[in-house]
Amino acid sequence: MVENKELKTGLNAPPFKLPDAEGNTVSLSDMKGKWVILYFYPKDSTSGCTIEAVDFTSSMPELRKINVEVIGISPDSCKSHQKFIQNHDLLVTLLSDEEKTVLRKYGVWQLKKMYGKEHYGVSRTTFLIDTEGKIRFIWNNVKVNGHVDEVKSKLIELQKQVAPDCKTPPA
């Protein structure tokens with residue numbers, strides 16, 4: 001069920017339009033001119049997904065200062081996202097892809113094995129997208145502990161390459 005296994009750095013990130021927790025449509029094109037950390041996660045309120053969302057939230061003030069938006073996408077409903085955001089005071093934008101259209105476009109809706117049984121689910125993946133909408137880095141099969149720090153380090157490194165004279169606040 002993976003539509004696009006060919007996404008790699010340097011390519012344009014696939015466009016999308018999805019509802020956020022409040023039902024407002026958010027699209028990648030809305031982010032033009034900003035860096036985007038686009039992360040795909042399996043399910044609201046599970047332990048790993050909560051750690052990841054809380055870690056990104058902790059970094060939001062710092063990330064916003066350096067022109068970065070953080071967007072998480074899962075197959076959960078808008079209502080589920082609302083509850084997840086409220087329960088953990090999340091600052092990240094969470095988008096609902098119940099139809100799994102964007103999950104497939106990004107190649108993260110994959111066949112998984114658990115306890116000898118196969119099922120489809122989200123492979124935890126993060127894409128770093130630049131101000132022009134190009135994929136600059138991809139993390140596959142993400143382990144949540146330390147992931148946000150890894151993303152921030154790569155982001156700062158890439159921003160310095162793009163604009164070496166810019167002063168980026170320290171991580």
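Which backbone nitrogen lies 2.9 Å from a polar atom of the side chain of Asp-20? In this predicted model, the backbone nitrogen is that of Glu-22. Asp-20 itself is located in the loop that runs between strand S1 (17-19) and strand S2 (25-27). Its relative accessibility is 15%, so Asp-20 counts as buried, the cut-off being under 20%. Leaving aside residues up to four places away in sequence, Asp-20 touches Val-26, Cys-78, Thr-93, Leu-94 and Leu-95. Between Asp-20 and Ile-138, the C-alpha to C-alpha separation is 23 Å in space, and the two are 118 residues apart in sequence.

Ser-96 belongs to strand S5 (residues 93-96). Ser-96 counts as buried because its relative accessibility is 4%. A polar atom of the Ser-96 side chain lies 2.5 Å from the backbone oxygen of Asp-76. Asp-76 is also among the residues that Ser-96 touches, together with Leu-18, Pro-19, Ser-74, Ser-77, Cys-78 and His-81, when residues up to four places away in sequence are not counted.

In soluble globular proteins, nonpolar side chains tend to be buried together. The largest nonpolar core here comprises 24 residues, and those with the most contacts inside it are Ile-37, Tyr-39, Leu-63, Val-70 and Val-92. Two or more residues of this core come from each of strand S3 (35-40), helix H1 (47-65), strand S4 (68-74) and helix H4 (147-162). A second, separate core has 23 residues, including Ala-13, Val-122, Phe-127 and Ile-129. Val-92, in the largest core, touches Tyr-39, Ala-53, Phe-56, Thr-57, Met-60 and Val-70, not counting residues up to four places away in sequence.

How values were computed
Residues numbered from 1 in each chain as written. Predicted model: local features only at pLDDT ≥ 70, side-chain atom pairs only at ≥ 80, totals over all residues. Heavy atoms only, no water. Helix = DSSP H or I, 4+ residues; strand = E, 2+ residues; numbered from the N terminus. Buried < 20%, exposed > 50% of the residue type's maximum accessible area, 1.4 Å probe, protein only. Contact = heavy atoms within 4.5 Å. Polar contact = N/O pair within 3.5 Å; in protein donor to acceptor, adjacent residues only side chain to side chain. Core = buried A, V, L, I, M, F, W, Y, C linked by side-chain atoms within 4.5 Å.
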